[in-house]
Amino acid sequence: MGSSDFFIQFIRLAGAYWHSEDKATIRKLTLALIALTIVQMFIAVIITEWSAALFDALEQRSMSGFFRQIGLLVLIFAASMAATGLHLTVKRRLQIGWRAWLTDHVTNRWMNKGRHYQITHLQTTGHDNPDSRIAEDIRIATEDGIALFHSLFYSLLILISFIEILWTLSGVVTLDLGFIEMPIYGHLVWVALIYAAGASALGWLIGQPLSQTTNIRQTMEANYRFSLVKARESSLAIALIHGETHEKKHFQKLFQDIIDAYNQQTRAWTHILLFTSGYSVLSTAVPVLVSAPRYIWGTITLGALMQSAQSFQHVASALSWPVDNMALVAQWRASVERVLSLIQALDDLEDEIVRPDPHRIVLVKTDKPTLRFDNLCISRLDGIVCASQLNDEIKTGERVLITGNIFTGSKLLKAIAGLWPWGEGCIELPDDEYMFFMPPRPYLPTGTLREAICYPSSCDDFSPSVLKETLELVGLAELIEQLDQIDDWEKVLPREQQQRLGVVRVLLQKPKWILSETAFDSLDPEGETEMMRLISQMLPDAAMLTISNEPKAEMFHQRRIVL
């Protein structure tokens with residue numbers, strides 16, 4: 001992405017926040033931040049003038065002038081503290097506000113109508129790890145973005161203000177070349193520009209290895225964390241085959257990579273520190289040394305000398321902003337591009353879904369209490385047809401078994417849910433009738449077991465007695481005592497118990513339509529038969545579309561569809 005395209009897209013991204021519903025408050029905070037930044041710039045200017053007056057008083061041995069400067073220092077001190085405190089508060093309110101708005105905006109688009117699932121099938125890049133993009137990259141894009149643009153604005157104000165001061169203090173210096181005398185106006189400004197440009201170029205060259213080694217170290221750290229997490233998640237499999245020795249060697253190798261990257265970063269950092277320490281010493285000495293001859297000759301006062309030195313430092317510091325913030329700008333831009341890529345992928349997905357295309361499955365809501373397939377064709381992403389010319393109608397209360405290719409059956413259920421648009425034909429759905437999908441492994445969010453079972457409904461929707469009775473019906477009476485316990489239930493409970501909890505959910509929800517995709521494949525044949533019989537007895541009026549290769553499943557269904 002080119003720089004111009006990048007900034008256009010970033011301005012659009014930022015502009016949406018400043019034009020959001022709460023734009024009045026946001027704009028007031030922005031104006032307050034700008035005003036406080038200007039105040040801070042004025043305080044910096046006043047401090048240099050105060051310094052000049054102080055040193056003039058010391059040079060004149062004026063006690064009254066000295067005490068006057070002490071009084072002014074108290075006022076400057078109080079104003080600086082107030083401005084800095086208010087500035088920090090306003091800036092952080094803008095940062096967290098923008099992050100909250102953008103996080104909510106992207107999350108709502110991602111976690112909407114199955115987009116979080118469908119986006120994984122896009123044949124484009126830029127949408128991997130959406131969790132990291134939302135949690136980390138949005139934070140960097142917003143917080144560092146405001147911090148960078150504020151510091152850039154402050155540096156520009158300082159540059160404009162102190163170049164004028166430095167030009168005035170420089171006066172005119174005549175350069176005698178023997179055969180001609182050449183007047184030089186604002187010589188301190190030119191020295192500051194040359195000094196800052198040289199230091200910036202040198203700093204940029206020295207800083208390149210640090211950026212590279214920092215990226216390498218971050219990659220090594222990420223690989224190490226990933227391996228530790230993977231080992232934790234696969235702990236049972238590792239323990240069963242006694243793979244601990246192999247894992248420890250693998251961890252040692254990955255950590256050695258971290259040590260190597262750490263040492264490379266240390267060497268690069270050493271060069272940076274050598275440069276910055278020398279640069280800071282020179283920044284203090286150079287302006288004084290450049291202006292000292294004029295003071296010795298009596299052209300300027302001691303106060304003017306010190307004011308020239310401080311103004312020189314401010315100008316050099318402002319001109320060094322690109323180099324000082326080089327690494328931070330690179331990190332910020334990378335995060336912004338990752339956020340923009342995710343948003344672009346979501347835009348592409350929306351365009352693909354709404355674009356008229358004969359090779360897309362059409363979902364139609366009707367007032368008929370039936371589920372109907374009209375010339376339905378289901379394809380893979382590469383266009384290969386999995387099932388074609390599917391014409392059927394499933395009525396309320398009818399039980400239909402889907403056999404044959406379970407992968408095609410899975411795509412059929414996803415198409416009914418609106419998650420698989422690839423194919424042709426039409427699916428007519430009963431309007432305002434809740435369809436309950438039973439996947440192979442029910443999603444159990446972290447929290448209390450009661451909340452996990454009732455998901456996505458509230459626990460208040462079901463009485464404790466009904467919940468306990470249902471757990472007993474499906475053979476999970478041992479979990480009743482753990483209902484208010486908090487845990488990661490997808491990892492704590494065995495798959496068999498998780499699938500039985502899926503039956504608890506469907507019995508609590510009492511839907512009119514049940515679509516089951518190998519929802520009992522972890523149970524033995526007797527257990528699967530028991531769960532199907534229980535659903536048939538407790539929900540006799542519900543229509544059921546079931547994917548299962550269990551031979552006994554046929555007895556609970558009136559007919560079959562072979563894919």
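Trainee: In which element is V504 found?

Mentor: V504 is found in helix α16; helices (H or I, at least four residues) and strands (E, at least two) are DSSP runs, numbered from the N terminus. This is a predicted model, in which local features need pLDDT of at least 70 and side-chain atom pairs count only at pLDDT 80 or more, while totals for chains, interfaces and linings use all residues. Residues are numbered from 1 along each chain as its sequence is written, and side-chain values use heavy atoms, with hydrogens and water left out.

Trainee: Why is V504 called buried?

Mentor: Buried means under 20% relative accessible area, exposed over 50%, and partly exposed in between (1.4 Å probe, protein chains only). The relative accessible area of V504 is 0%, and therefore V504 is buried.

Trainee: Which residues is V504 in contact with, leaving aside its neighbours within four places in sequence?

Mentor: V504 is in contact with I453, L467, T470, L471 and V474, those neighbours left aside; contact means heavy atoms within 4.5 Å.

Trainee: What makes I378 buried or exposed?

Mentor: I378 is found in strand β4 (residues 370–379). Its relative accessibility is 0%, so I378 counts as buried. Not counting residues up to four places away in sequence, I378 touches several residues, among them I361, I384, V385, W420 and W422.

Trainee: Why is L523 called buried, and where does L523 lie?

Mentor: L523 lies in the loop between β11 and α17 (525–538). Residues up to four places away in sequence not counted, L523 touches E496, Q499, R500, E528 and M531. L523 and Q497 are 26 residues apart in sequence, and their C-alpha atoms are 8.9 Å apart in space.

Trainee: K510 and T518 both concern me. What is the phi of K510, and what is the phi of T518?

Mentor: Phi is positive at K510, about 50°, although K510 is not a glycine. T518, again not a glycine, has a positive phi of about 40°. K510 is found in the loop between α16 and β11, and T518 in the loop between β11 and α17.

Trainee: Does burial or exposure apply, that is, what makes K510 buried or exposed, and what makes T518 buried or exposed?

Mentor: The relative accessibility of K510 is 55%, so K510 counts as exposed. That of T518 is 16%, so T518 counts as buried.

Trainee: How do you know that the span of α2 agrees with its number of residues?

Mentor: The expected span of a helix is 1.5 Å times one less than its number of residues. Helix α2 (residues 23–59) has 37 residues and should therefore span 54 Å; its end C-alpha atoms are 54 Å apart, which agrees. After α2 comes R61, whose phi is positive, near 55°.

Trainee: How do you know that the span of α5 agrees as well?

Mentor: The 41 residues of helix α5 (residues 130–170) should span 60 Å at 1.5 Å a residue, and its end C-alpha atoms are 55 Å apart, which agrees.

Trainee: Where does α5 bend?

Mentor: The bend is at D137 and is about 35°. A bend at a residue is the angle between axes fitted to the seven residues ending there and the seven starting there.

Trainee: What is the peptide bond from Y455 to P456, cis or trans?

Mentor: That bond is cis, with omega near 5°. P456 lies in the loop between α13 (449–454) and α14 (464–473).

Trainee: What makes a set of grid points a pocket, and what volume does the largest pocket have?

Mentor: On a 1 Å grid over the protein atoms alone, a cavity is a set of points where a 1.4 Å probe fits but cannot get out, whereas a pocket is an open set with protein on both sides within 12 Å along at least five of seven lines; lining residues have an atom within 4 Å of a point. Points are joined across faces, edges and corners, and a volume is the space filled by probe spheres set on the points. For the largest pocket the volume is about 1700 Å³.

Trainee: How many residues line the largest pocket, and which lie nearest its centre?

Mentor: The lining holds 46 residues, of which G114, H116, A417, L419 and F437 lie nearest the centre. Elements that give two or more residues to this lining include α4 (115–118), α12 (406–416) and α16 (495–509).
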